[in-house]
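User: I'd like to go through the packing and the charged pairs in this one. Can you walk me through it?

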Amino acid sequence: MFLRNFLIALSRNAFMKRLVTRNFIARRVARRFVAGETWEDASRAMDRLMGEGMDIALDFLGENVHTPDEAHQATEAYLQVLHKLHERGENWYVSLKLTQIGMDLGEELCLANLERILAEAARSKTFVRVDMEGSQYTDLTCRLVEAAAERHSNVGIVIQAYLRRSREDVARMNRKKIPVRLCKGAYSEPPAVAFQKRSEVDASFVTLMEDLMLAGNNPSLATHDEAMIQATLECARRHGIPPEAYEFQMLCGIRKERQLRLHREGFRMRVYLPFGSDWYPYFMRRLAERPANLLFFLTALIRG
Ligand SMILES: Cc1cc2nc3c(=O)[nH]c(=O)nc-3n(C[C@H](O)[C@H](O)[C@H](O)COP(=O)(O)OP(=O)(O)OC[C@H]3O[C@@H](n4cnc5c(N)ncnc54)[C@H](O)[C@@H]3O)c2cc1C
């Protein structure tokens, strides 16, 4: 837990960011989790995943912009991404973080940017998933997504099983028919707001998964944890829920063989594919999730 919290704290450190992102080996190791820095890199990764039968959630990396101009630029970048996805004509969608389009700079600005993206996505019949960030943003993220959902049917949210509040959030999203992606949660949160024990987080995931499977709108179960996958399959069997009614999601570069097997077994499988130059915080969260990743990274650095 200490190491996890330390790495997540480092993910917000500007000095470390400069150090890591300028390092050639770090860039190479990060490529396990990130398609690359350019649209061409993303496009090549999409071709590969498409050949394997995967659906894709494309994330143009970025978070916590500091000025309205930066938020505007990120919004424009998403409009471009949507346009390019439309040209490819695939059943893929985008995932974004509200701090990337100005959530720190005011509710109105952020909602306006989100709605521009949703309108463009609607033109190309695409869906937009709003990622969930640290708990200081949970309330506002829910509020903005719920406000946007009153005017746009192509928006969904992420709910984190480690947050104590999440059962109520899931119930509200289900009532409003807002599609939910359920994940365990990737940030460092205090005991007052989040379960700390793995067993508690897992139990919460199973409860929320069942709430979503029984009453949600096209739920996504985003996990690499075999126990959570099996619990979902068991819930579907018990209640006669067909594979078309829900989907599994995993991150690019994690449990690839399981992704392929779920697809072969007839389940919907969507891979979260991030690209862009702002990969540092995302990469650090992936290191924080698994000490073996950090060991691999440090060994690569030492070997040069
Ligand atoms: C599609 C998708 C979208 C997500 N969106 C968000 C979001 O919006 N907000 C948010 O807070 N979190 C998000 N997450 C991250 C999530 O919250 C977890 O941090 C992450 O998925 C690890 O949890 P797990 O369910 O895989 O279970 P864990 O118990 O952490 O892992 C189970 C097993 O999966 C494998 N594994 C897990 N992580 C890694 C890793 N980094 N490297 C290698 N192997 C690994 C290991 O084999 C591990 O034993 C997302 C995850 C996915 C799959």
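User: What should I know about the model before we start?

Analyst: This is a predicted model, in which local features need pLDDT of at least 70 and side-chain atom pairs count only at pLDDT 80 or more, while totals for chains, interfaces and linings use all residues. Residues are numbered from 1 along each chain as its sequence is written, and side-chain values use heavy atoms, with hydrogens and water left out.

User: OK, how many residues are in the largest nonpolar core?

Analyst: That core has 71 residues, and those with the most contacts inside it include Leu58, Tyr246, Phe248 and Leu273. A nonpolar core here is a set of buried Ala, Val, Leu, Ile, Met, Phe, Trp, Tyr and Cys residues joined through side-chain atoms within 4.5 Å, where buried means under 20% relative accessible area, exposed over 50% and partly exposed in between, with a 1.4 Å probe and protein chains only.

User: And what does leucine 273 touch?

Analyst: Leaving aside residues up to four places away in sequence, its contacts (heavy atoms within 4.5 Å) include Ala35, Met46, Leu49, Leu58 and Cys252. Apart from that core lies another, of 27 residues, among them Leu61, Tyr93, Met284 and Ala300.

User: Switching to helices, at what angle do α9 and α10 pack?

Analyst: Helix α9 (residues 198-215) and helix α10 (residues 226-239) pack at about 35 degrees with their axes 10 Å apart; the axes are lines fitted to C-alpha atoms over the stretch in contact, and angles run from 0 to 180 degrees between N-to-C directions. Helices are DSSP runs of H or I with at least four residues, strands are E runs of at least two, and both are numbered from the N terminus.

User: Which residues meet there?

Analyst: Among them are Phe205, Val206 and Met209 in α9, and Met228, Ala231 and Cys235 in α10.

User: Which salt bridge does arginine 238 make?

Analyst: Its side chain meets that of glutamate 210 at 3.6 Å, N to O, a salt bridge being a side-chain nitrogen of Lys or Arg within 4 Å of a carboxyl oxygen of Asp or Glu. Arginine 238 is in helix α10 and glutamate 210 in helix α9, 28 residues apart.

User: Is arginine 238 buried or partly exposed?

Analyst: Arginine 238 counts as partly exposed because its relative accessibility is 48%, and glutamate 210, at 26%, also counts as partly exposed.

User: How many salt bridges are there in the whole structure?

Analyst: A search finds 33, including one between glutamate 226 and arginine 255 at 3.0 Å, N to O.
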